[in-house]
Amino acid sequence: MTLRWRAAAEAAGLVSPDGSTRPTIFAEMTALALRTGAANLGQGFPDADGPQWIREAAVRAIREGANQYAPGRGIPELRSAVAEHQRRHYGLDPDPEREVLVTAGATEGIAAAVLALTGPGDEVVTLEPFYDSYAAVIAMAGATHVTVPLVADAGGFRVDAAALESAVGPRTRLILVNSPHNPTGTVLSPEELGAIASAARRVDAVVVTDEVYEHLTFDGLSHTPLATLPGMAERTLSVSSAGKTFSLTGWKIGWVTGPADLIEAVLAVKQFLTYTGGAPFQPAIARALLEGGRDIAELRDSLAERRDLLLDGLRAAGFDAVSPGGTYFVCADASPFLTPEAPHGAAFARALPERSGVACVPVSAFCREGSRAATALSSWVRFTFVKDEQTLRTAIERLAAPGRR
């Protein structure tokens, strides 16, 4: 690897000092769960597949011949369905021919956008903690990663407004925003969204929004796309996918919507990544977006119940757990259980599968080493509730057992 890439990759935590690739925290904790027989509340994938009728639509597409390359932009039916989804839910009106791009999941859409729009000398601002692929692709682009901490308080995790104002400056080329937010479950408030929009307009930055949990919000909260705010449609690329919305994470069908010139830039990179993918899944997801409203509502209600079950269990076991406004995840402070042998959340998480039969993920894995957020959240861990009720109850029982944490 080149010296520049190696330095960037090491700084982003992608490789070890010897140059070997580091596994993601999700792969590491899942491997620990498998080895120990632990209830895996670490990696956020559903135990149950998505609606049968959507899966059958994909089977039918295979039988009817949708088995070769799909168009690079995505099949027209899916692009039209994505555009209709944006109109119906948010009042946005993207042109399906020029302002919608189908990608191999949201991860590719985000990666292609960062690679297309940034490079050496540019700064990319994200919230911190952040989903791990963000740091990786920023390093790949050769850009500089600047973070704004989310601060935990009694009401959850909130954006540090002063830090946001300071972080966004003349070198900021792109602001990458995730709401509902992984790992904290925060749904950004109108005030927080407005501050981000104002900062982007101030420095003429592009905004890329990761909205994969857009329909999975609780307690009457709703997701507001940044693209709907004044002056933001022309500078925002909105990214989402079917994986979380329909519990079909393995299908990797995502999309990007936004101004035609920005979509064209993303396409220029995307065509040399996967070019295209998921041909028989695309018509199935087109139908799901148009006809799957009841399925989304049922999933949201079920997740809210499982969230409450996990929250009650964690709190009864002695964790200080924050109720998330959305996503699959609960973050909890493990301070009461730290020991000289496990003095921080990362060590606690790695010890928990063997000691308690439960796997989680340290929140520090979503932070830059030594950052303000990493220090403040060093004792925090993340549990997922997108598991069946029996798995959750097993984990809760194990955590409640004396001497097992």
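Q: Which strand gives the most to the lining of the largest cavity?
A: Rolling a probe the size of a water molecule over the atoms shows where empty space is left. In this predicted model, strand β2 (residues 100–104) contributes most to the lining of the largest cavity, with 3 residues.

Q: What volume does the largest cavity have, and which residues lie nearest its centre?
A: Its volume is about 50 Å³. The lining consists of 14 residues, and those nearest the centre are Val-102, Thr-103, Lys-270, Gly-277 and Gln-282. Sorted by class, the lining has 4 nonpolar, 7 polar and 3 charged residues.

Q: How many cavities of 30 Å³ or more are there?
A: The count is 4. The second largest cavity holds about 40 Å³ of space. Among the residues lining the second largest cavity are Val-177, Asp-210, Glu-211 and His-223. By class, that lining has 4 nonpolar, 4 polar and 2 charged residues.

Q: At what angle do helices α5 and α9 cross?
A: The axes of α5 (residues 105–117) and α9 (residues 260–270) cross at roughly 105° and come within 8 Å. Angles of 65 to 115 degrees count as roughly perpendicular, so α5 and α9 are roughly perpendicular to each other.

Q: Which residues of α5 meet which residues of α9?
A: From α5, the residues are Glu-108, Gly-109, Ala-112, Ala-113, Leu-115, Ala-116 and Leu-117; from α9, they are Leu-262, Ala-265, Val-266, Val-269 and Lys-270. By class, this contact has 9 nonpolar, 1 polar and 2 charged residues. Lys-270 of α9 takes part in the helix contact and is also one of the residues nearest the centre of the largest cavity.

Note on methods. Residues numbered from 1 in each chain as written. Predicted model: local features only at pLDDT ≥ 70, side-chain atom pairs only at ≥ 80, totals over all residues. Heavy atoms only, no water. Axes fitted to C-alpha atoms, helices over the stretch in contact; angles between N-to-C directions. Helix = DSSP H or I, 4+ residues; strand = E, 2+ residues; numbered from the N terminus. Parallel < 35°, antiparallel > 145°, perpendicular 65-115°, else oblique. Contact = heavy atoms within 4.5 Å. Nonpolar A, V, L, I, M, F, W, Y, C, P; charged D, E, K, R; others polar. 1 Å grid on protein atoms, 1.4 Å probe; cavity = no way out; pocket = protein on both sides within 12 Å on 5 of 7 lines; lining within 4 Å. Points joined across faces, edges and corners; volume = space filled by probe spheres on them.
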